[in-house]
Number of protein chains: 2
Amino acid sequence: MTDGHSVDGQVPDRDMPDGHPADARAEDGGAVDARAEAGHATGRAVTIVEVARHAGVAVSTVSYVLSGKRAISADTRRRVLDSVRTLGYHPNAGARALASKRANVIALVLPLRAGMHVPVLMRFATSVVTAARHFDHDVLLLTADEGLDGLRRAAASALVDGLVLMDVELDDPRVPLLRRLAEPSVLIGFPADAAGVTCVDLDFAAAGALCVAHLADRGHHEVVLLGAPAVVYERGTAFARRTLEGFTAALAEHGLDGMALPCEESFEEVHATVSGLLAARPGLSGLVVHNEAAVNHVLSSLRQLGRKVPQDLAVVAICPDDVAEPARLTSVLIPAEEVGREAVGLLMEKLAGRAVPPATLLVPRLTVRAST
Amino acid sequence: MTDGHSVDGQVPDRDMPDGHPADARAEDGGAVDARAEAGHATGRAVTIVEVARHAGVAVSTVSYVLSGKRAISADTRRRVLDSVRTLGYHPNAGARALASKRANVIALVLPLRAGMHVPVLMRFATSVVTAARHFDHDVLLLTADEGLDGLRRAAASALVDGLVLMDVELDDPRVPLLRRLAEPSVLIGFPADAAGVTCVDLDFAAAGALCVAHLADRGHHEVVLLGAPAVVYERGTAFARRTLEGFTAALAEHGLDGMALPCEESFEEVHATVSGLLAARPGLSGLVVHNEAAVNHVLSSLRQLGRKVPQDLAVVAICPDDVAEPARLTSVLIPAEEVGREAVGLLMEKLAGRAVPPATLLVPRLTVRAST
DNA sequence: CCCGCTAGTCGAAGCGTTTCGACGCTTTCA
DNA sequence: TGAAAGCGTCGAAACGCTTCGACTAGCGGG
């Protein structure tokens, strides 16, 4: 409940005892960086020349202090850093990009397509932003509307140094373009032909298999996978297909009976699917749900049909923890944070000119909760 | 699947079999020709100097053709534009920003807080991106993690020209900062003290009142508002509070009996709230739901409790159309697209140095569907 | 004692644009 | 018939930073 304000602690200019921030004058007294007019949004910004003058050194020395690319004596370094703080200096991003040929910005390309679970997408997105900031990079948001031209434009104009793409399809038109782009890129998800591109994702095939193995362990003989909406499969979305493959293979491997069904996201459709399924398969005792939006509906539906979880039916979900946890669902976590971090990490490696593995598959982990 | 190549057609780099109109510098000739591979992401990018040489004009002329800031003869314009296309020229964003003091990038600040409905947030976000692109601007994504420092940094380094902030609280710590920033900003939502900042949002007070009026029209005498999770109110989120105010005022105005309740988002909690409510208020006949995440649970819950909508209970929702439509809910639309577009439009006006109204309230519209 | 190092610093040359002032020409209009 | 007022174009000066090469000391090794 104090969440809304927890951020404040990190912020120097809101330390006022009462809620009403006093006027700018009072704040400036306290904050180190505020003395220069910089604190007050005056017109012109502080430049490196002024910092150099203030510290009594050459412009290049300031630059080297800030970048650490050459040795600087402790004394000089301190003086420069002091001046930077006193004047409230922030390097001009455009000038820096022009001179260094690095914008320190990466593009996050996220097509918002039907059937994708937006909250999960956003978790990826925020983890990418956070990770990028750790490398002192910012994130430019590119959406589908502009299509390939958006990527081309951002790359060609040196607006961004590299790209992270989400929601990759098996036959994704962006992939051939990426192969030809000078800027490095990392995909979250796997296209059918991943040659020449760098990909990272949860190992969904292993995840599907893991769910089956868990249910087999628990002694179930007949299990069904409720997956993404049909449109997602038709489009060839990689993660959905791969889960399906892993699930199917594991079924055979463990000698279980079962099948997979796509699953829409409205309560009515879920309910129809579930009740149809239960009617058709009286022996069914295990359910794998790989659809964040539908998973709660599935549980409601089972409740409404009078089936107890896990007594009558065991349920394993493949979804983020914040969906699984409140519902006390045994689940394979979708590690959005980790994937985003990994993607950015790989991109930074490529930007540094280092080689990276073309494919990174994160090992799925299953957490047992109350539903199996 | 041919998409990946159809766009390539726009980069006419195959016009070259014929020699280019004799380039004076033989030595450079190689560089120009190499540009033919521009479509193929070769190393160095085309610069305005090469375009100027290719078109046989001065660099400044190319710039003026592209910016339209000075009159250029039709003939020259055509030649320059041809060269631009032939060489696949994209102005360097950093250089442009440095020289013009405009990055052509705006920041989208979106704190991802508990209780906010992410899909709705994303609709705002994408509409902001789309609108920004119409003004030839890109969007930098800033999240909460960096807090105020993120804003300060982006603004001070001239990374962005202006900011759009979402999910504004009544007492938002970002507002005082914005007032002091040189960069213009627009808030989506209203803080308690909106002096000195530009805000735009749906008129939630009017929306709440509109729902009550509609129910009163339908002859209901006792109505309840199911709102956002409690934490959202405690935090002082403006839109939640304002809906509440509008609702309460309208209740009095129409002489209706009723009250407002916060509402959590899990099915169990919703169900508890709803059944408690029905037990406590046997006369209740109308429900206003302002909680995108809970609205489907409310309907499930009513179904489970054997209450028919709208016969036993009328339901009006305040939510985006894609939630209301499938459920056939009478609703007041949250016009995310329109709000985003308006916010960007206002920001562009401010960037152009023009005055804008400090507050823009979009008039709510109610769509009658099957639930009332 | 000279040489070559290294650490620490400086000056200046770009980086690719935009934009300002200037320069010839034409038109226009007192 | 000039003066004034465009029009279309050019050259060059910024813009604020990074980075390269050069320079100076101080120092250890031959």
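Modeller: Chain B is superposed on chain A by a rotation of 180° with 0.0 Å of shift along its axis, at an RMSD of 0.2 Å. The model examined here is a predicted one.

Colleague: What is the relation of the two chains called?

Modeller: The rotation that carries chain B onto chain A is 180°, with a shift along the axis of 0.0 Å. That is therefore the relation of a two-fold axis.

Colleague: Which helix gives the most to the side of chain B that touches chain A?

Modeller: The contact takes 61 residues from chain A and 59 residues from chain B. Several elements of chain B supply at least two residues each to its side, including α1 (3–6), α7 (118–134), β2 (138–143) and α14 (295–304). By class, this side has 32 nonpolar, 15 polar and twelve charged residues. With seven residues, the element that gives the most is α7(B).

Colleague: What percentage of the interface residues of chain B are also interface residues in chain A?

Modeller: The copies meet through the same surface, because the share of interface residues of chain B that are also interface residues in chain A is 86%.

Colleague: Which residue of β2(B) stands opposite A:L140?

Modeller: Strand β2 (residues 138–143) of chain A pairs with β2(B) in the antiparallel sense, over three bridges. Within β2(B), the residue opposite A:L140 is B:L140.

Colleague: Which strands stand at the edges of the six-stranded sheet of chain B?

Modeller: The sheet is open, its pairing is mixed, and its order is β7-β6-β8-β9-β10-β12 in chain B. Two strands have a single partner strand each, so one side of each is left without a neighbour in the sheet: β7 (257–261) and β12 (366–367) of chain B.

Colleague: Are α3(B) and α4(B) roughly parallel or roughly perpendicular to each other?

Modeller: In their contact, B:I48, B:V49, B:V51, B:A52 and B:A55 of α3(B) meet B:V59, B:T61, B:V62 and B:S63 of α4(B). By class, this contact has seven nonpolar, two polar and no charged residues. The axes of α3(B), residues 48–55, and α4(B) come within 8 Å and cross at roughly 100°. The two helices are therefore roughly perpendicular.

Colleague: Which helix supplies the largest share of the surface near DNA strand C?

Modeller: Around DNA strand C there are 29 residues, of which A:S60, A:A71, B:I48, B:S60 and B:A99 come nearest. By class, this surface has 16 nonpolar, ten polar and three charged residues. Helices α4 (59–67) and α6 (93–100) of chain A, with α4 and α6 of chain B, each supply at least two residues. The largest share, six residues, comes from α4(B).

Definitions and conventions
Residues numbered from 1 in each chain as written. Chains lettered and ligands numbered in written order. Predicted model: local features only at pLDDT ≥ 70, side-chain atom pairs only at ≥ 80, totals over all residues. Contact = placed C-beta atoms within 7 Å. Helix = DSSP H or I, 4+ residues; strand = E, 2+ residues; numbered from the N terminus. Nonpolar A, V, L, I, M, F, W, Y, C, P; charged D, E, K, R; others polar. Pairing = 2+ DSSP bridges. Near = placed C-beta within 6 Å. Least-squares fit on C-alpha atoms with pLDDT ≥ 70 in both. Axes fitted to C-alpha atoms, helices over the stretch in contact; angles between N-to-C directions. Parallel < 35°, antiparallel > 145°, perpendicular 65-115°, else oblique.
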